[in-house]
Amino acid sequence: MAGGVNRKISAASARAHTRRAKQNSSFQLPAGIFKTTLVALVIGLSAWAYQAIQPPPSKICGSPDGPPVTGPRIKLRDGRHLAYQEHGVPKDNAQHKIVYLHGIDSCRHDAVIPNFLSPETVKDLGIYVVSFDRPGYGESDPNPKRTVKSMATDIEELADQLGLGHRFYVIGFSMGGQVIWSCLKYIPHRIAGAALVAPAVNYWWTGIPSNLSSQAYSQQLQSDQWAVRVSHYTPWLTYFWNTQKWFPGSSVLARSIDCLSDQDKEILPKLQKREPYAGQVRQQGEFESIYRDMNVGFGTWEFSPLELENPFPNNEASVHVWQGDEDRMVPVILQRYIAEQLPWIHYHEIPGAGHLLPLADGMCETIVKALLTDG
């Protein structure tokens, strides 16, 4: 008799069979898709980060999509333009010819020295002043290749094209004052005298003791410490750092009063005169103006001012540094140390003065007369 084979299946075998069936029927990602997804995510985030740190392109004055050119300019050998403004007595009648350098986030119209000098002093001393937009500011073309040295050569070329003669005076305020160290290094033979007014100090200049630099650095607002640190170590992040919203950027560039001294706050109303032209300062873009300023000023310099020898050993010219002892932007302890290391400098420390010391009543007269009548 034909018959089927009866097999008994144990409960354990049944359960194992069920598990295998479930495992075989579960969804599985194709091989390598997780790695591919991760790579795509990294690439996407990298692309976003790259776009986030890229500043917008500059809007060059005089270009089809840029601001108009409203004032006189010279054309430099490399093709760039520098916009300038003349003040004082006619150039041909001048006894003293001065090139003035504005500070950060400013322009040629912020010519503090000629703007605050009395007409009597200008006439009596025969003073002619030319102020100019430093590269990227106002109506001067940006200089993506800007270096510490290039600023000195720009000044020399400006003086030559305007016919200021073999020697001329230079006065600079804040970041513009810092530039004058470049003039003393690279074009001292062209300088008749120099005044550095509250000049910015680079914490990483060779010759400044690390403990002193750290002490001065710690006196700055936390936001400014980070802004300066980024400019020095990761300059390609300067624009991003100061425009992102998660952490505060430079208080100076944010125009916060937190970085001002008591005297600075009292002087502040005098800056209302800037309103008609304030929009011109950054009109070509922020990166090639204020952020390029920070990257060069606080970057790695080609030399240190503390290593300079007296550029005028025969007293044919004098160098003056003016500093307020309550300046909250430029630490006075660093300025004192630099002056001690360079005994040929005439150092003037003004008690109670802040960073805006040249705007204080009578200070411009004092600064200019000390420079032009020294010796």
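The largest cavity in this predicted model has a volume of about 80 Å³. A search of the whole structure turns up one cavity of 30 Å³ or more. Thirteen residues line the largest cavity, and R146, Q178, V179, V296 and W301 are the closest to its centre.

Which helices supply at least two residues each to that lining? They are α5, at 148–162, α6, at 175–186, and α11, at 287–297. Of the elements, α6 gives the most, with four residues. By residue type, the lining of the largest cavity has six nonpolar, four polar and three charged residues.

Let me stay with α11 for a moment. How many of the residues of α11 are buried? The count is 11 of 11, so this helix is mostly covered, with buried meaning under 20% relative accessible area. To name them, the buried residues are F287, E288, S289, I290, Y291, R292, D293, M294, N295, V296 and G297. If you want to see what lies over them, the cover includes α5, α6, α8 and α9. V296 has come up already, among the residues closest to the centre of the largest cavity.

Now the protein as a whole. There are 375 residues, and 51% of them are buried. The secondary structure comes to 13 helices and eight strands. Take the contacts between residues at least 6 apart in sequence: 80% of these join residues at least 24 apart. The accessible surface is about 18,900 Å², and carbon and sulfur atoms account for 55% of it.

In soluble globular proteins, nonpolar side chains tend to be buried together. Here the largest nonpolar core has 102 residues, and the ones with the most contacts inside it are V99, I127, F132, I171 and W181. The largest share of this core comes from α5, which contributes seven residues.

What does I171 touch, leaving out residues up to four places away in sequence? The list is I98, V99, Y100, L101, I113, I180, A195, V197, V368 and L371. V99 in that list is also one of the core residues with the most contacts.

On to the pockets. The largest pocket holds about 1,100 Å³ of space. Its lining has 46 residues, and those nearest the centre are I104, S106, V252, M329 and L356. Helices α3, at 112–116, and α8, at 222–233, each supply at least two residues of this lining. The lining of the largest pocket divides into 28 nonpolar, 10 polar and eight charged residues.

The second largest pocket has a volume of about 220 Å³. Of its 16 lining residues, N315, A317, S318, H346 and D374 are the closest to the centre. The elements giving two or more residues to this lining are β6, at 191–197, and α13, at 363–372. Sorted by type, the second largest pocket is lined by eight nonpolar, six polar and two charged residues.

Two of them stand out for their backbone angles. Most residues other than glycine have a negative phi. D105 is not a glycine, yet its phi is positive, at about 55°. R255 is not a glycine either, and its phi is also positive, at about 60°.

Where do these two sit? D105 is in the loop between β3 and α3. R255 is in the loop between α9, at 238–243, and α10, at 262–267. Are they buried or exposed? D105 has a relative accessibility of 8%, so it counts as buried. R255 has a relative accessible area of 53%, so R255 counts as exposed.

Why does D92 count as exposed? Because its relative accessible area is 75%, and the cut-off for exposed is over 50%. D92 and L164 are 72 residues apart in sequence, and their C-alpha atoms are 9.0 Å apart in space.

Definitions and conventions. Residues are numbered from 1 along each chain as its sequence is written. This is a predicted model: local features need pLDDT of at least 70, side-chain atom pairs count only at pLDDT 80 or more; totals for chains, interfaces and linings use all residues. Side-chain values use heavy atoms; hydrogens and water are left out. On a 1 Å grid over the protein atoms alone, a cavity is a set of points where a 1.4 Å probe fits but cannot get out, and a pocket is an open set with protein on both sides within 12 Å along at least five of seven lines; lining residues have an atom within 4 Å of a point. Grid points are joined across faces, edges and corners, and a volume is the space filled by probe spheres set on the points. Ala, Val, Leu, Ile, Met, Phe, Trp, Tyr, Cys and Pro count as nonpolar, Asp, Glu, Lys and Arg as charged, and the others, Gly among them, as polar. A nonpolar core is a set of buried Ala, Val, Leu, Ile, Met, Phe, Trp, Tyr and Cys residues joined through side-chain atoms within 4.5 Å. Buried means under 20% relative accessible area, exposed over 50%, partly exposed in between (1.4 Å probe, protein chains only). Contact means heavy atoms within 4.5 Å. Accessible areas come from the Shrake-Rupley method with a 1.4 Å probe; for residues, only the protein chains shown count as cover.
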